[in-house]
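Please look at the sequence and the model shown here.

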Amino acid sequence: MEEKDIKTEETVEEKAEKKTKKSAKPSAKNEELERVKAELASAQAESEEYKRKWYSVAAEYENYRRRTTAQAAQRYAEGRNDVLASLFPIGDNLVRALSVCSDENTRKGLEMVLQSFHKLLEAEGVEEIDPIGQPFDPSVAEAIMAMPAVEGEESGIVKMVHEKGYKKGEKVLRYAKVVVTQ
């Protein structure tokens, strides 16, 4: 009977030991599972951070692209305006030559060239500034001289245009040089 008791005791001890081993295994599995979950959460957070940075860089690049495209278009337009402004003295000289020309054939030739000059300006959207008879406006004209007003005339009215002014849209390419009443 003693042997049976020993076996029973061993069996109880073995059972306790087995339970301890079994409970240790799930604990190790739980630890491994928690570690993997922590790694996954860390990887997801890192992924979200990279995604946020990517969106930020993509938006920044898009803004840069738009800005540089707008700047290039603006520079191109300003370059065209500079070229047009350099043509204005040629038009002035054509008008002067036409006013002193006495030969009829030369006059017709100058009129044709002047007409093509005006067509070019029109095609580019350039308009003449004609302030004669209007109050002086410094945003479109430059006063180069003042003359006394005749009786009944108001002061500050543009009397003569010495050099034509030109504008393209709202941008003045060359201010008109005018004589103003005083």
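**The sheet and its strands**

I129 has G165 in strand 4 as its bridge partner. At another position, V126 stands opposite K168 of strand 4. Strand 1 (residues 126-129) and strand 4 (residues 165-168) are antiparallel and are joined by four bridges. Here strands (E, at least two residues) are DSSP runs, numbered from the N terminus, and two strands count as paired if DSSP finds at least two bridges between them.

This is a predicted model, in which local features need pLDDT of at least 70, side-chain atom pairs count only at pLDDT 80 or more, and totals for chains, interfaces and linings use all residues. Residues are numbered from 1 along each chain as its sequence is written, and side-chain values use heavy atoms, without hydrogens and water.

Strand 4 also pairs with strand 5 (residues 171-174), in the antiparallel sense and over three bridges. One of the paired residues is K167, whose bridge partner in strand 5 is V172. The hairpin of strand 4 and strand 5 has two residues between the strands, and in this hairpin G169 takes a positive phi near 70 degrees.

Together, three strands form an open sheet in the order 1-4-5, with antiparallel pairing. Strand 1 and strand 5 each have a single partner strand and stand at the edges, so one side of each has no neighbour in the sheet. From one strand to the next, the twist averages 35 degrees, with axes fitted as lines to C-alpha atoms and angles running from 0 to 180 degrees between N-to-C directions.
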